[in-house]
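Subject: Structure handover

Hello,

Here is the structure I said I would pass on. My notes on it follow below.

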Amino acid sequence: MPESERSLPSDRHEKRHRLKTDHSRALEGLEARILDILRKRLGKNESAAKEHDWFTATVFAARDRIIDAWIESTTRTQEAEHKRVYYLSLEFLIGRLLRDTLSNLDITGEMRAALSAHGIDLAQLEELEPDAALGNGGLGRLAACFMESLASLDIPAYGYGIRYVNGMFRQRIDDGWQVELPETWLAHGNPWEFERRESAYRIGFGGEVLGDEDTVHWKPAEEIEATAVDTPVVGWRGKRVNTLRLWTANALDPISLDAFNAGDHLGALAEQVRANSLVRVLYPADSNPAGQELRLRQEYFFSSASIQDILRRHKQYHGDVQSLPDKAAIQLNDTHPSVVVAELMRLLMDDHDLAFAEAWDITRRTVSYTNHTLLPEALESWPLPLFERLLPRHMQIIYAINARVLREARAAGLSDAAISAISLIDEHGERRVRMANLAFAGSHSVNGVAALHTELMKETVFSDLHALYPGKIQNKTNGVTPRRWLQQCNPRLTALIREAIGDEFMDDAQRLDALNAFAGDAAFGERADAVKRANKVDLANHLKDLMGIRLDPDALFDVQIKRIHEYKRQLLNLIETVALYDQIRSHPERDWVPRVKIFGGKAASSYHNAKLIIKLANDIARRINRDPIAADLLKVVFVPNYNVSLAERIIPASDLSEQISTAGMEASGTGNMKFALNGALTIGTLDGANIEIKDRVGDENIIIFGLTAEEVAAQRAGGYEPKSFIDKSHELKQAVHSIASGVFSPDDPVRYKGLMDGLMTTDWFMVAADFDAYAAAQREVEKRWRDKVGWRTSVIHNIANVGWFSSDRTIDEYAREIWGVR
């Protein structure tokens, strides 16, 4: 470097002084801002402010930092006339936002210091924030990851959903049983959100369709108003701020004064109560006609409001609806928003005077659909009389779409059976509207969420539609945001990785592959072990405070945390736990690996068997945890009210990740990715994204067992007899008998008899068929655990090789190959 370009010592000193001064000014500015908010927005001075006041002031201070970038992001998109992505999802499981926002804005240290000057601990304030009750499981968490990645990749986007007041439910465990209580996350308001009164739309139900062939007008019998509430979504390093727009509902007349003054004080509020019911609860039980109607109302409510908002914005900035596919990409996250297809058609034809053919072309070029399940019951369908009563105009449109699709199928030479399967109307038994078929027909792209899932879509549930539209299905393997699921939830591991390979992985998770070079480095491995143990100590302390149970952080933490469902096979894990307990009692002299079994998850309120499995887990825990023989060798914990914040504690502390669904039934899974990213080894079947994780981390760094999807199908087709598997397996037979006979439920000896009878007679989810392989895989886990160096090596290879499962990569693929925005 020429002498003239070198920094002189005085120059370097001046630069350091300038940076220090800038930082001090920023810190002083933030500190002053927080105090100003306390006084002017919350009406408190520093001495009167309580912890919750400091929390709210901190959120407002962070939010104020966001607003300029938010407005700039929107203005930039409008001026450049960029194409926008509209992501419609019934769930957005966003968790807490404070830590995520501060991290993405890179002001965590600044905020910590500003608060510390007044004796306030930022970490304690973060714990005050309630989890937003806007989702339940992987579907909602995926949507949240996608929204963060869309902003991080600088892609203009809106997320659309419902602002649930009480969420799905808050889970409490009483005597081992799940009790559902309302979530109260909005009890004290939500400081992140902005109501947009100008974005309000009328949503109709029922009534009649008027007009003739040339002019059609739907006259609803009932109307409510949907009003937008916006939450900013900050991308990594504040590159872009996008919008999560959630809808709340109000009656057009919140009170009938005539009825009130006549003395019917409760009846006077009926219309507002009816509107409120749409935004109270996620997934209301649909085991009765009223529940089914409420679910359909919810889905149409948010779909209609969202499409009206999209068309209003498009007309405002682009003039005509014909250019909609060039400026808007509407993504349906699973089948819940499928009515979007009919609603967009209705608005284009009835409000914008387009002919059917042109409206259909615009709709199909604008909409795309992600399928998340192969379970027939999850591919929503609605009783035709219910659908037609609530949405008469949409039923007409669906019949017209169906006629067009069936004519195409007939022209393509498909069989009568294939045409029947393709139809949007199921004519077998009770006539029903098939929403997944509507979404498929009305989209230009349909994607699965893992390679196996996508192939099974083509071969099973959508085989005939795939034959009719052979180029429509494609794969987009799910991903998770590494910001929340590594950098924020596991700061110790993040710091260790940064020290080893630098910071590039923080902008591109696939750069984690540089860690492979450290897999054999003893010093690095020992430090990775220390990080894991520290995380396990933190979790053990938290669970002691929460549940009063003491856990050994040196034991193997074996974790299955996810929605409770029979196909996810928590029951297989529990039966093997009973078998292990029996073996420990029979052979206490053996060198057993101390193990902590951690379960967590919610069961749908009307899902009897799933709730019974929760009770079984707690009954097993009560028996085992009180047995002195097993005291130091086996503990079982069911953590109540599993949510995002709990996952952020549990996943970094996990050694073994249970991904044991029946092969062919898990679409993808994203928990498997989070665990591997945080250094847990996977025990799993060849299902969902487990297959792709295996391909990335290597066969020697994962424990795979059980039937393949093809073998599961063959067993079912060949007359599967689970009792024969049970009779051949001594451990399984003994465990099933113990559970069925009341060993774990002495207060009700027949409590689990029906559950175990089902296992012996039908066992649709192949628990008996896979048990011996699963038990053998668990013994292989113990063998590997004893080899500390080998286990450590596998842990490092897992962390290093799952960067590909970043939601940034997934969103980039959607953007390029489906939405056409990059």
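Helix H3 (98-105) is followed by Asp106, whose phi is positive, near 60°. Please keep in mind that this is a predicted model. Of the 8 residues of H3, 6 are buried, so the helix is largely enclosed by the rest of the structure. The buried ones are Leu98, Asp100, Thr101, Leu102, Ser103 and Asn104. Their cover includes the helices H2 (51-80), H4, H5, H6 (138-152) and H19, together with strand E8 (222-234).

H3 also takes part in the second largest pocket, where H3 gives the most to the lining, with 6 residues. The volume of this pocket is about 1,100 Å³. Its lining is made of 41 residues, and those nearest the centre are Arg99, Gln487, Gln488, Cys489 and Pro491. Sorted by class, the lining has 18 charged, 12 nonpolar and 11 polar residues. Besides H3, the helices that each supply at least two lining residues are H4 (108-116), H5 (122-128), H19 (482-488), H20 (491-501), H21 (522-547) and H24 (644-650).

Next, the sheet. It is an open one of 9 strands, in the order E5-E8-E9-E2-E1-E10-E11-E15-E16, with mixed pairing. Strands E5 (194-205) and E16 (473-475) stand at the edges with a single partner strand each, so one side of each is left without a neighbour in the sheet. On average, and ignoring direction, neighbouring strands are turned by 25° against each other.

E8, part of the cover of H3, pairs with strand E9 (residues 241-251) in the antiparallel sense over 11 bridges. In this pairing Val234 stands opposite Val241 of E9.

- H2 touches E1, E5, E8 and E9, and its direction makes about 95° with that of E9.
- H33 (residues 807-819) touches E1, E10, E11 (367-370), E15 (445-448) and E16, and its direction makes about 115° with that of E10.

Is Thr227 buried or exposed? Its relative accessible area is 5%, and the cut-off for buried is under 20%, so Thr227 counts as buried. Leaving aside neighbours within four places in sequence, Thr227 is in contact with Glu195, Arg196, Arg197, Ser199 and Ala200, and also with Leu246, Trp247, Thr248 and Asn250.

Finally, strand E1 (residues 84-88). How many of its residues are buried? The count is 5 of the 5, so E1 is largely enclosed by the rest of the structure. In a regular strand the side chains alternate between the two faces of the sheet. In E1, Arg84, Tyr86 and Leu88 point one way, while Val85 and Tyr87 point the other way.

E1 runs parallel to strand E10 (residues 328-333), to which 5 bridges join it. E1 also runs parallel to strand E2 (residues 157-162), here with 4 bridges.

Regards

Definitions and conventions
Residues are numbered from 1 along each chain as its sequence is written. This is a predicted model: local features need pLDDT of at least 70, side-chain atom pairs count only at pLDDT 80 or more; totals for chains, interfaces and linings use all residues. Side-chain values use heavy atoms; hydrogens and water are left out. On a 1 Å grid over the protein atoms alone, a cavity is a set of points where a 1.4 Å probe fits but cannot get out, and a pocket is an open set with protein on both sides within 12 Å along at least five of seven lines; lining residues have an atom within 4 Å of a point. Grid points are joined across faces, edges and corners, and a volume is the space filled by probe spheres set on the points. Ala, Val, Leu, Ile, Met, Phe, Trp, Tyr, Cys and Pro count as nonpolar, Asp, Glu, Lys and Arg as charged, and the others, Gly among them, as polar. Buried means under 20% relative accessible area, exposed over 50%, partly exposed in between (1.4 Å probe, protein chains only). Contact means heavy atoms within 4.5 Å. Two strands pair if DSSP finds at least two bridges between them. Axes are lines fitted to C-alpha atoms, for helices over the stretch in contact, and angles run from 0 to 180 degrees between N-to-C directions.
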